[in-house]
Amino acid sequence: MGSLPADVAATLRALLRGGDPVSVALRAQLPHAWVAGRCGCGCATVDLEVDRQAVPAAPAHDSPAVEAGYTSPADAADGGPVCPGVLVLTDDGYLSRLEIYSVGDEPVTAWPDPLLLDL
Ligand SMILES: [Zn+2]
């Protein structure tokens, strides 16, 4: 899957699994995407870049392109991050950011299992 880390690619594939034109187009960008930066707070959020010569932009869509939550965060019982959510952000129809956020004080430092996504 290109040069994306396996956990990032798996999360994006799960979030973009739909058959609608936007999901299909963004999913097609995954092999041509890479991590261009990380969030300064220490969370698992990644900034993404796509080789725009290699793959077309997605049709116009809302921002965020996808938003989802996680059903049962494994850490919650240990006082870890509670109810994290995830956003897929785009720039001109290209993947630009996979963001995770938490309602707790602690940043979510690793991508939860995509099977826990509430899709
Ligand atoms: Zn952060």
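In the predicted model, Leu12 touches Leu30, Val88 and Leu98, residues up to four places away in sequence not being counted; contact requires C-beta atoms, placed from the backbone, within 7 Å. Leu12 lies in helix α1, helices (H or I, at least four residues) and strands (E, at least two) being DSSP runs numbered from the N terminus. Leu12 is buried because 26 other C-beta atoms lie within 10 Å; the criterion for a buried residue is 20 or more such atoms within 10 Å of its own C-beta, placed from the backbone. Leu12 and Leu87, 75 residues apart in sequence, are separated by 9.7 Å from C-alpha to C-alpha.

Residues are numbered from 1 along each chain as its sequence is written. For this predicted model, local features need pLDDT of at least 70 and side-chain atom pairs count only at pLDDT 80 or more, whereas totals for chains, interfaces and linings use all residues.

Beyond four places in sequence, the contacts of Val88 include Leu12, Pro64 and Leu95.

Six strands form an open sheet, ordered β1-β2-β5-β4-β3-β6 with antiparallel pairing; pairing requires at least two DSSP bridges between strands. β4 and β5 are joined by seven bridges, and Thr90 stands opposite Leu95 in β5.

Technical notes. Contact = placed C-beta atoms within 7 Å. Buried ≥ 20, exposed ≤ 12 C-beta atoms within 10 Å, placed from the backbone.
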